[in-house]
Amino acid sequence: MLAFSLCSLHIPIAHKTQTPLKKSMFLKSQIHSTLPLIRGNTSKFKLFTALSPSPLTESSSSNLEVDDEPEVETGSEKFDWYSQWYPLMPICDLDKRAPHAKKVMGIDVVIWWDRNESAWQVFDDACPHRLAPLSEGRIDQWGRLQCVYHGWCFNGSGDCKFIPQAPPEGPPIHTSKKACVAAYPSTVQNDILWFWPNTDPQYKDIITRKTPPFIPEIDDPSFTSFMGNRDIPYGYEVLVENLMDPSHVPYAHYGLTPDPKGNNADREGGTPLDFSVEELDINGFTANQGWNKSKFMPPSIFYLYSEPDKLASSVETKKSSVQKKFSMIFICIPVSPGKSRLIWCFPRNFGVWADKIVPRWILHMGQNLILDSDLYLLHVEEQKIMDVGQGNWHKACFVPTKADALVIGFRKWLKKYAGDQVDWRGKYSGALPPTPPREQLMDRYWSHTVNCKSCNFAYKSLNVVEVMLQIISVASIGFVATMKQGIVSAATRNSIVVLAILSFALSRLLAHFIYKNFRYHDYNHVRSSMKCVSLIIFLQAGYVYTPSGPKFIIDI
C-alpha cells in the first residue's frame with residue numbers, strides 16, 4: 001500500500017508503566033539455527049528478534065532471543081473487544097435521506113439521520129415486531145425511522161412511536177419496552193461516525209468517559225483529508241498485517257508504483273528494511289521504520305507519520321517556507337470472519353487546491369486498483385492460515401527478516417492480549433466463508449461504488465452519458481437513412497455518418513471504462529505492466545511509498 005505520513009500527528013496512547021524497549025522486538029516463527037538462547041531483562045516481557053539479513057554482530061546477538069513460539073504471560077491484561085469505539089462510515093458517504101445497513105464485530109446495525117435531534121443514530125438492524133431489517137425501511141414525514149414491513153415507527157431513542165395495527169382507542173401497546181429498538185451510543189469525530197457496541201443503559205453516556213481516538217489533522221482546514229471506504233473479502237487480522245507490510249509493495253503492486261532506481265537485485269526493486277517495534281502493550285505499539293514512525297492503536301487505527309529531519313532532506317521541502325506534512329491513516333474494522341472494512345485518509349498540508357479540482361471518484365479509481373492488486377492473494381492466504389490455525393501462525397509462517405517486524409509485532413499483540421483473534425462471542429463457528437468466483441470476490445460495485453457518494457454519482461452520471469451517446473448514434477443513422485437524396489450535401493451526410501460511428505465507439509469505450517472502474521477490475525500479476533495509472537493513483541498524495549521511503553511523484 002501507499003505509505004506517507006504526517007510528522008506532527010499526535011494521538012495519545014496510554015501505556016502501562018514499564019521500561020521502554022530499545023531493541024527490536026519480533027516474534028520468532030521458524031528459525032532453525034544454532035544461535036544461543038540468551039535471556040535479557042530489558043523489559044517486563046521478552047524480546048523476540050528476527051534474524052537480520054546482514055551478519056549478526058556480537059552486540060546484536062547478545063540481545064537476541066529465539067523461541068519456537070512466543071510466550072504469553074499468565075494473568076496479563078486481556079483486550080476487551082466490546083469496550084471500544086468502532087468506526088462505521090465517513091460522514092461524507094452517508095445519505096441523510098435513507099437508512100444504511102452495516103455490520104461490525106458481527107453486529108448488524110442500521111444508521112439513519114434523526115432530523116428531530118440533528119444527529120446520526122445507530123440501532124440494531126431488526127424491528128422488534130418480526131425482526132425485519134430496519135435498514136430496508138425509510139424515514140417518514142415526521143423524521144422517524146419506519147419499518148417497511150408493517151409500518152412501525154421509532155424515534156431517535158429507539159422508542160416505538162406508532163403501530164398502525166394497534167387500535168387508536170388503546171391500550172397504548174407502542175409504549176411497551178418490548179416494542180423498542182436497541183440503540184447504540186454513537187458520536188461523530190473526525191468526520192467519521194463511531195459507535196459503542198453495547199446497548200446496556202450504563203453505556204448511554206460512555207462518550208463522557210471514553211472517546212474515540214482524535215486525529216487533529218483531519219479537522220484542520222489547512223489539511224486536505226479526502227476519505228475512502230471499501231468492504232474487504234478477507235478478515236481483520238490479514239488486513240491489518242498487510243497494511244503493516246511495506247516490502248510487498250513493489251511485488252504485489254508491480255506496475256502501479258514507479259520503477260525502482262539504483263537496485264539491480266531484481267526488476268521490482270525489493271530491498272532489506274531495518275524496522276523495529278519499540279513499545280508494545282495492551283494499547284498497541286509504536287514502530288520505527290527508518291524513514292518514518294508508525295503506531296497501531298487497537299482495535300482499528302494504524303497510521304504512519306514522517307520524522308521532520310528525514311523529510312527535510314528533499315529539495316522541494318527545503319525550498320518551501322512551510323514544512324510539508326503528510327500521513328497515511330488506515331482504519332481497519334472487523335466485520336465478521338473472512339470480512340473486514342477499510343476506511344482510509346491521507347491528510348496533507350500541501351497541494352490542497354488539487355482536491356478542489358479533482359473529484360474523489362477519480363482518486364478512488366487508483367486507490368481501488370491498489371486494493372485489487374493483492375486482494376486475491378490475501379484472501380487465499382487467510383484460508384491457508386485458518387487451515388493451520390490462527391494460534392499456529394508463528395510456527396507456520398517463516399519471517400526471518402526485519403522487514404516483517406511490524407507484522408510480527410501485531411501478531412504478538414494479538415496473541416498476548418487478544419487470544420490470537422477477534423472475539424466474536426460465539427456468533428460464528430470459526431470457519432471462513434467459501435471462496436466465491438473471482439469476479440464476485442473482486443467485485444468493486446457492491447464493495448465500494450454503492451457505498452461511496454462520489455463514485456456512485458459518477459457511475460450513474462457516466463451511464464447516462466453512455467446512453468446518450470448510443471441515442472445520438474442511432475438517431476444519426478436513422479436521420480441519414482430517411483433523408484431524401486439531394487436535401488443535404490454529401491459532405492453533410494458523411495459528417496453525420498462519422499458522428500454516428502464516433503458516438504457508438506465512444507459509448508463502447510465508456511461502457512468498458514465504467515465496468516473496469518466501478519464494477520470489476522481483475523489484476524494479472526504475470527502480465528501487469530500498467531504505468532499510465534500512476535498519475536491517478538498518486539495525484540492526491542504527491543508522494544508514493546517505496547521500500548526505501550516516501551518519494552515525490554509530482555510537485556503539486
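Author: Asp140 forms a salt bridge with Arg144, and the closest N and O atoms of this pair lie 2.8 Å apart. The term salt bridge is used here for a side-chain nitrogen of Lys or Arg within 4 Å of a carboxyl oxygen of Asp or Glu. In general, side chains of opposite charge can pair when their charged atoms come close. Asp140 and Arg144 are each buried, where buried stands for under 20% relative accessible area, exposed for over 50%, and partly exposed for what lies in between (1.4 Å probe, protein chains only).

The model is a predicted one, in which local features need pLDDT of at least 70 and side-chain atom pairs count only at pLDDT 80 or more, while totals for chains, interfaces and linings use all residues. Residues are numbered from 1 along each chain as its sequence is written, and side-chain values rest on heavy atoms, with hydrogens and water left out.

By the rule given above, the count of salt bridges comes to 14. One of them joins the side chains of Asp420 and Lys415, at 3.4 Å from N to O; Asp420 is buried, and Lys415 is buried as well. Arg230, Asp372 and Arg444 are linked in a network of salt bridges.

A further salt bridge, between the side chains of Glu466 and Arg508, has an N to O distance of 3.1 Å. This pair connects distant parts of the chain, for Glu466 belongs to helix H13 (residues 453–482) and Arg508 to helix H14 (residues 490–519), 42 residues apart. Helices (H or I, at least four residues) and strands (E, at least two) are DSSP runs, numbered from the N terminus. Which of these two partners is buried, and which is partly exposed? Glu466 is buried, since its relative accessible area is 12%. Arg508 counts as partly exposed because its relative accessibility is 38%.

The axes of H13 and H14 are 8 Å apart, and the angle between them is about 155°. Such axes are lines fitted to C-alpha atoms, for helices over the stretch in contact, and the angles run from 0 to 180 degrees between N-to-C directions. H13 and H14 are therefore roughly antiparallel to each other, because angles over 145 degrees count as roughly antiparallel, those under 35 as roughly parallel, those from 65 to 115 as roughly perpendicular, and the rest as oblique. In the contact of H13 with H14, 21 residues are nonpolar, six are polar and four are charged. For this division, Ala, Val, Leu, Ile, Met, Phe, Trp, Tyr, Cys and Pro count as nonpolar, Asp, Glu, Lys and Arg as charged, and the others, Gly among them, as polar.

Three strands form an open sheet in the order E1-E11-E10, with antiparallel pairing; two strands are said to pair if DSSP finds at least two bridges between them. Strand E1 (86–90) and strand E10 (186–189) stand at the edges with a single partner strand each, so one side of each has no neighbour in the sheet. From one strand to the next, the twist averages 30°. E10 and strand E11 (residues 192–195) run antiparallel and are joined by four bridges, and Thr187 stands opposite Trp194 in E11.

Some loops between strands hold backbone details. The peptide bond from Gly170 to Pro171 is cis, with omega near 0°, and Pro171 lies in the loop between strand E8 (160–162) and strand E9 (183–184). Ile173 has its place in the loop between E8 and E9 and is partly exposed, at 42% relative accessible area. The peptide bond from Pro298 to Pro299 is cis, with omega near 5°; Pro299 lies in the loop between strand E15 (292–297) and strand E16 (301–306).

Met105 is not a glycine, yet has a positive phi of about 55°. Met105 is placed in the loop between strand E2 (100–104) and strand E3 (107–114) and, at 0% relative accessibility, counts as buried. Ser118, not a glycine either, has a positive phi of about 50°. Ser118 is found in the loop between E3 and strand E4 (119–124), and is exposed, with a relative accessible area of 53%.
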